[in-house]
Amino acid sequence: MSLSAPVPALSSERRRQRRVLLSVCMASAAMPMVFTGPAVALGGIADELSASAAALAWVTNAFMLAFGSCLLTAGALADRLGRRRVFLSGAALFLVASLALAFAPGMWSFNLLRGLQGVAGAAIFAGGAAALAQEFDGEARTRAFSWLGTSFGMGLVLGPLTAGALAAAWGWRAIFALVLVLMLGAVLLCLNAMRESRDPGAGAFDWAGALVFMLALTALTCAVLLSAQSGGADRFVLAGLAVAALLFGVFVGIERRSPAPMLDLSLFRYRRFIGIQLLAAAPAYAFVVLLVLLPIRFAGIEGMAPGLTGWLMAALSAPLLVLPLAAGRATRWCSPAVLCGAGLLVAAAGLLWLAQARHGMTAIPAMALIGIGISLPWGLMDGLAVSVVPVERAGMAAGIFSTTRVAGEGVALALVSAVLAGLIQQRLAALPGAPATAELLAAGRLAEALQLQAGLTPDVLVQAYEDAFSRLLQGLSAVTVLTALVVLVFLRHPERRERVRDPASGAGLEALERQPIR
């Protein structure tokens, strides 16, 4: 009897771990849904709230900027205050912000609440990812993070679909209903399953570093967004970029002197750690920007209904429902480096194919190929990120990786929007009011652009948009190929076993060899 006694306890423990995983995955699925959902309903939001093209850009960027700039802070707080506490606090704030968004009276309040959603999302993701790192080890951790990647895929698929259906039936204010249900379910599961954990060696929180980093990222994003309206040579754009560079320099100085830094800069001496950060940024310009740009094109330029736009976007995101899990299992036979590099090359080929598509329906095969390619690194990235530091500092690792990924997404989205507007402006350079017309077209406001150019037919403006969009995709494909090659070089060969200083204790940590990347 004594030999069989531990079996029920083991089974109970596994059920508890599964509830933790389900809770984190449900909460994480809501993040891409609130990112992609409003993009489908931008037309309705703009009409009801009388939004300008600049204000519409912040519908997405307010969320991404707050999410990206707060992830590093949230990861550090999770290690110090407790992963469960940070996760639940973020979920509660997310519920309040999402409910308030359904009753937003104007664009200022709407975008401020979107920023609050982003702050909450950072706490949810950093706390949840760090909690999973405590619950699972070895292959079980790889599978858990593969499920986390799959949950993001589900959110990316369901976001446009549900937003389109809800907006068509009840208006854009209804698009936040499903995320409220998901987050409430995640909270109920977490209360009875997730244990509290924290880093016992964590020092005092680096408030100065956190504040300077958030200000630097905000200055960079605002400068890039302003360049879409005023051009890259505008004095305010140049001043914003200079301020961002200065603040990032100050942040590095603070982290070097801090006894318990929020970001362990010594990790950036190692090739594999840098490779993982480059891998984190890759989906931003190979995939994520399309989640916003394509709905704008389909609904705003081609005139598709929100419901049809949502279904069409499923071609891009559907592979993420299955392939991240398959990538996790494929690491038994193929190295993560090869899988990630090959996936990025496939995505680059899909971007080139999409550049040739001139209508939404003809874009479906190319969109599916991009989704297939990005799914391979998507299921491996989070697990690789937390494998390069000791488990006690999983919150920091999750924060660094997620900050790179989400900040990259926010900056990439602002940058490609500015580039698209610039490319359109080049094609309309001979027309009066070309900058304003290009800005409206980049935001998908074809009817308003036609009002500025009353003597033109819609075909002329649509052709200018399509040519610019094709050039943009060609550039994104080239950048993705370059990233794939660098990732293969940096992750393919293991480095010598090195000891990394733990800023909290001063002890040596063999961090980069905990889970070798073949």
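Visitor: What share of the residues in the protein chain is buried?

Guide: Buried residues make up 59% of the 518 residues in the protein chain. Buried means under 20% relative accessible area, exposed means over 50%, and partly exposed is in between, with a 1.4 Å probe and protein chains only. A word on the source: this is a predicted model, where local features need pLDDT of at least 70, side-chain atom pairs count only at pLDDT 80 or more, and totals for chains, interfaces and linings use all residues. Residues are numbered from 1 along each chain as its sequence is written, and side-chain values use heavy atoms, with hydrogens and water left out.

Visitor: What secondary structure does the protein chain have?

Guide: There are 19 helices and two strands. Both are DSSP runs numbered from the N terminus: helices are H or I with at least four residues, strands are E with at least two.

Visitor: Why is leucine 132 called buried?

Guide: Leucine 132 has 0% relative accessibility, so it counts as buried. This residue lies in helix H5, residues 107–135.

Visitor: Which residues is leucine 132 in contact with, leaving aside its neighbours within four places in sequence?

Guide: Val20, Leu21, Val24, Phe145 and Leu148. Contact means heavy atoms within 4.5 Å.

Visitor: What makes phenylalanine 63 and phenylalanine 67 a tilted aromatic pair?

Guide: The structure holds six aromatic pairs. In this one, the rings are 5.5 Å centre to centre, with 55° between the planes. Rings of Phe, Tyr and Trp (its six-membered ring) pair if their centres lie within 6.5 Å; planes under 30 degrees apart count as stacked, over 60 as edge-to-face and the rest as tilted. So 5.5 Å makes phenylalanine 63 and phenylalanine 67 a pair, and 55° makes that pair tilted.

Visitor: Why are phenylalanine 63 and phenylalanine 67 separated by about one helical turn?

Guide: Because they are four residues apart in helix H3, residues 53–81. Phenylalanine 63 is buried at 0% relative accessible area, and phenylalanine 67 counts as buried at 5% relative accessibility.

Visitor: Why is the pair of phenylalanine 213 and phenylalanine 251 tilted?

Guide: Their ring centres are 5.2 Å apart and the planes are at 50°, so this pair is tilted. Phenylalanine 213 lies in helix H8 and phenylalanine 251 in helix H9 (residues 235–257), so the pair ties together parts that are 38 residues apart in sequence. Phenylalanine 213 counts as buried at 9% relative accessibility, and phenylalanine 251 does at 4%.

Visitor: How much space lies in the largest pocket?

Guide: About 480 Å³. On a 1 Å grid over the protein atoms alone, a cavity is a set of points where a 1.4 Å probe fits but cannot get out, and a pocket is an open set with protein on both sides within 12 Å along at least five of seven lines; lining residues have an atom within 4 Å of a point. Points are joined across faces, edges and corners, and a volume is the space filled by probe spheres set on them.

Visitor: Which residues lie nearest the centre of the largest pocket?

Guide: Of the 24 lining residues, Ala281, Thr404, Ala407, Gly408 and Val411 do. H16 gives the largest share of the lining, 10 residues.
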